[in-house]
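Here is a friendly walk through one model, with its cavities, rings and strands taken in turn. Have a look at the structure first, then read on.

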Amino acid sequence: MQSNSCGRLYDICDVPGKGRGMIAATSITKGTRILAESPMFRVPRSGSSKTQLREIVSKKVASLTEEQRKEFFSLRNSFEDEDGPELGRVRTNALPLGSNATTGAIFSEACRINHSCHQNAQNNWNENIQKITIHAIRDIPKGEEITILYLNERLNRNARQQALQAGFRFTCCCSLCSLPADQRKASDERLDEIQKIDDMIGNGTRALVAPLQALHDVRKILDLLNEGGFEDASIPRSYYDAFQIAITHGDVARAKVFAERSASSRTVVEGNDSPAVQRMGRLARNPSQHMAYGMSNKWRTTVKDIPKDLNKEEFECWLWRKETMVVSQYADLRNEATFPPFDGLPDENELSLDFYQSADGFSFRPRKHWCFLAEITDVERFLRLRLIAQDKNNQSIPIAFHTDDRGFELDPLSLQEGFTVAVLYAEQHGFLDMSVGIRHENPSMMKIFPLALNDLFLLSDKVQQYATTQKGMRTCQGCNKKSTTLKKCARCDLFWYCDKPCQVTGWKDKGHKTDCKLLKDPDLRKLFLLKWDVYDDHQRFGSGLP
């Protein structure tokens, strides 16, 4: 047993059934750097024949000091029969110098660390200090063996055993591999799902054509990792995946949060002097410096759009664009998943899996309802009606009417600047003049409401505050009192009041007289009452609720 007189965190000693291993000499807290070690020598991991490798390793070993050779030949050799005493030990013990590295190295102490499929430490090659580092990825009590993961990916038990037998010639008996049959089945299903989702995320096309689904996939992986108790480098890598999805589509606000989380969790497994941690820190300070920024403005935000007044659950819903997770009886017209700005609409020439789904892989249908909202800024009446409308991001959009009556079926009084146009199932269309807008063909898919877009959003805010029930309580619009015994407005059937005086206050002082009149329009009510995330058939204005 190696002495701990120098105050080190570990001892190198015999481990039953494993040969030598590394044991915690004291309690080690999560994030602690256990070891930073320079290599004895480096070797290529690919591109050389076995004969060439044997010659390279032989020269490396010959250049070692006597003490180093003694250390090297005391390492385990699982391939003595195939590769001899030198190459066999390198094949058994060499650790990679980075992710997907073409070079490995032999270390006097790091190579003593044994494998576990549910490891408590993370190995990483730190290019800045030219050393391998070992960090505790969870609290390690005194006397527990310090372990790392030898495999490049998380596999189910059978696949792990096969990979370990082929690569290292041992059968793993760690806590994960020794689970009872029912728990092992659940673990394998979880790991298989992680692998499946990770493969989908690795397809860069998915992040471009279905970013919302890709973002939710990343969240699912993090949930599965948490369920399995895994706290390794998969965590910061997943947050970086989320960062890339967000920044690709111009969402600087969420990208900043994801970069901060990636940097923080990577610091735990690599230390703050890691090049990857430092890079993520720079991206957290200025997300737009990433090369993917500007590829799309679908989710355009700024750092100022990071909400400050949400509780933890609400913030997570915002961060992962899970707006539909927020319990509400009425639709929120600010929800971009349902009411996207123009840049968030699907392109009519591309199949966006955020908006469409297929049961057979050939025929597709909407997976939800959606509606584009914008304020009319100009009305052009020439051969056909053409509206210029500005969306919530202040982007001006042409809406060209290709209905049978070329738009002249609309009431002229509704065609006013400052009114809000709503288009169901809108898609981006490229016109012959090279402009991009909306080609409108079905009259029942459009409605113009006689109020400004911002006023419509403010009405939506009022509906969220004064029409919904939260934990059995409603809020009076007149006095903001919360109660279970409020009375509903008989005209709009949405807002609630304590009594007649509160209703008068809401009517005269808080704009309900105007709001109530607007809410008598069944199409406006549909915006609030429709279950937007449940698609059975196309909705139309003028048809009422299903």
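Which residues line the second largest cavity? They are L333, F339, P340, P341, L373, D391, K392 and F457. Before going further, please keep in mind that this is a predicted model, in which local features need pLDDT of at least 70, side-chain atom pairs count only at pLDDT 80 or more, and totals for chains, interfaces and linings use all residues. Residues are numbered from 1 along each chain as its sequence is written, and side-chain values use heavy atoms, with hydrogens and water left out.

**Cavities**

A search of the whole structure turns up 3 cavities of 30 Å³ or more. A cavity here is a set of points on a 1 Å grid over the protein atoms alone where a 1.4 Å probe fits but cannot get out, and lining residues have an atom within 4 Å of a point. Grid points are joined across faces, edges and corners, and a volume is the space filled by probe spheres set on the points. The table sets out two of these cavities.

| Cavity | Volume | Lining by class |
|---|---|---|
| Largest cavity | about 130 Å³ | 6 nonpolar, 1 polar and 5 charged residues |
| Second largest cavity | about 50 Å³ | 6 nonpolar, no polar and 2 charged residues |

For these classes, Ala, Val, Leu, Ile, Met, Phe, Trp, Tyr, Cys and Pro count as nonpolar, Asp, Glu, Lys and Arg as charged, and the others, Gly among them, as polar. The lining of the largest cavity includes W299, R321, E336, P340, P341, F355 and K368. P340 and P341 also belong to the lining of the second largest cavity.

**Rings and charges**

Two lining residues of the largest cavity, F355 and K368, meet again here: K368 lies over the face of F355, at 4.8 Å from the ring centre. For such a contact, NZ of Lys or CZ of Arg must be within 6 Å of the ring centre and within 35 degrees of the ring normal. In the lining of the second largest cavity, K392 lies over the face of F457, at 5.6 Å from the ring centre.

Across the whole structure there are 17 aromatic pairs (rings of Phe, Tyr and Trp, its six-membered ring, with centres within 6.5 Å; planes under 30 degrees apart are stacked, over 60 edge-to-face and the rest tilted). F355 and W370 make an edge-to-face pair, because their ring centres are 4.7 Å apart and their planes stand at 70°. These two residues are 15 residues apart, F355 in the loop between α11 (312-319) and β11 (356-357) and W370 in the loop between β12 (365-366) and β13 (371-381). Both F355 and W370 are buried, meaning under 20% relative accessible area with a 1.4 Å probe and protein chains only.

W370 also pairs edge-to-face with Y425, since the centres are 5.5 Å apart and the planes at 85°. Y425 sits in the loop between β16 (420-424) and β17 (429-430), so this pair ties together parts 55 residues apart in sequence. Ring pairs link F355, Y356, W370 and Y425 into a cluster.

**An enclosed hairpin**

Why is strand β8 (residues 121-126) described as largely enclosed by the rest of the structure? Because 6 of its 6 residues are buried. A121, N123 and W125 point one way from β8, while Q122, N124 and N126 point the other way. Strands are DSSP runs (E, at least two residues), and helices are runs of H or I with at least four, numbered from the N terminus.

β8 runs antiparallel to strand β9 (residues 131-136), joined by 6 bridges; strands pair if DSSP finds at least two bridges between them. N123 has I134 as its bridge partner in β9. The two strands form a hairpin with 4 residues between them, and Q130 in the turn has a positive phi of about 55°.

Definitions and conventions:
1 Å grid on protein atoms, 1.4 Å probe; cavity = no way out; pocket = protein on both sides within 12 Å on 5 of 7 lines; lining within 4 Å. Buried < 20%, exposed > 50% of the residue type's maximum accessible area, 1.4 Å probe, protein only.
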